[in-house]
Amino acid sequence: MSDDGTKAVSLIAFIGSVFSPWYKWSGRQDPQNHCCLNVVTSGLNGRFTMTDRGRSALKQSPERLEIGPSSVTWTGRQLVIEVNEWGAPPMVTPVKGRITLTPRAVTGAEVWLTPDGAHLWRPFAPIADIEVDLTQGHRWRGHGYFDANFGTRALETDFSFWTWGRYPLRDRALCFYDATLRDGRHFDLAVEITPDGQVRETTAPPRTRFRRNPWAVRRETRADPGTTPRPHLSLLEAPFYSRALVETQIEGERTIGMHEALDLVRFRQPLLKPMLAVRVPRRARWP
């Protein structure tokens, strides 16, 4: 997000595009044949890109990931994302440019999200500086975050609902993962990360609900007792998903962070997939 909190961008590079209807309809047997770079920018000129691409679009090396015309490169010091995508309907226009993320430190933390380790979370760089130069007027500097998720089963197989949030504080960043598994068990994690890359579990304030998204997706995050979080800037709102900047109070400090809520009970509904296909086009071949 920008330092003044007025703009934000979110990017997810998928190998096995977990929210793609095409991947679901394929039986999810070949993740390399369903890859994409999802880009979301905020504001009136915001764009959403999520083209499901086939195996020929994917190239990998230890330092570089190419998905069609876009790429993610680790230079040894910075993560450089070259974006060359098209916005989804109704805003079908090019989304191009570069985003450079410079971690303050890279962590070695890894977390099992399920008891058997079928889903993993790696917060590689929870505190980072970011420089954005994208079309539609997104040219700004701010602070950012870099993580990764890995899984060997579909999300909706193991989870019913989850929320996640990353909140910067004066001397550290906090990350919250709160999930309900399909068997009724809960996974609640709160970690604090220092600028030198130390990661340690901490005690979280209470889980607190706040205003639902326009599709009535439930939203909650952590907040000091007696305070209520509030949406600050929306990036993506869907019938099963919300991604937004959210303002909350933690240990007496007001903070604005990136937040997501994911309703996987809704995502399992078959009627949702044709709706998603309108926003997630499929391009099987790439020269």
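Arg 104, Ala 105, Thr 107, Pro 126, Ile 127, Ile 193, Thr 194, Pro 195 and Gly 197 line the largest cavity. The model is a predicted one. Searching the whole structure turns up one cavity of 30 Å³ or more, and the volume of the largest cavity comes out at about 30 Å³. Sorted by type, its lining has five nonpolar residues, three polar ones and one charged one.

Thr 107, part of that lining, sits in the loop between β9 (94-103) and β10 (111-112). With a relative accessibility of 6%, Thr 107 counts as buried, because the cut-off for buried is under 20%. Its side chain reaches the backbone nitrogen of Ala 109 at 3.4 Å. Setting aside neighbours within four places in sequence, Thr 107 touches Arg 122, Pro 123, Phe 124, Pro 126, Ile 193, Gly 197 and Val 199.

Now for the rings: the structure holds 13 aromatic pairs. One of them joins Trp 22 and Trp 25 edge-to-face, at 5.3 Å centre to centre and with 90° between the planes. These two are three residues apart in helix α1 (residues 21-25), so about one helical turn separates them. Trp 22 is partly exposed at 29% relative accessible area, and Trp 25 is partly exposed too, at 45%.

Trp 162 and Tyr 177 also pair edge-to-face, with 5.4 Å between centres and 85° between planes. This pair links distant parts of the chain, 15 residues apart: Trp 162 lies in strand β13 (residues 159-168) and Tyr 177 in strand β14 (residues 173-181). Trp 162 is buried at 5% relative accessibility, as is Tyr 177 at 2%. Elsewhere, ring pairs tie Phe 14, Phe 19, Phe 240, Tyr 241 and Phe 267 into a cluster.

Methods: Residues numbered from 1 in each chain as written. Predicted model: local features only at pLDDT ≥ 70, side-chain atom pairs only at ≥ 80, totals over all residues. Heavy atoms only, no water. 1 Å grid on protein atoms, 1.4 Å probe; cavity = no way out; pocket = protein on both sides within 12 Å on 5 of 7 lines; lining within 4 Å. Points joined across faces, edges and corners; volume = space filled by probe spheres on them. Nonpolar A, V, L, I, M, F, W, Y, C, P; charged D, E, K, R; others polar. Helix = DSSP H or I, 4+ residues; strand = E, 2+ residues; numbered from the N terminus. Buried < 20%, exposed > 50% of the residue type's maximum accessible area, 1.4 Å probe, protein only. Polar contact = N/O pair within 3.5 Å; in protein donor to acceptor, adjacent residues only side chain to side chain. Contact = heavy atoms within 4.5 Å. Phe/Tyr/Trp six-rings, centres within 6.5 Å; stacked < 30°, edge-to-face > 60°.
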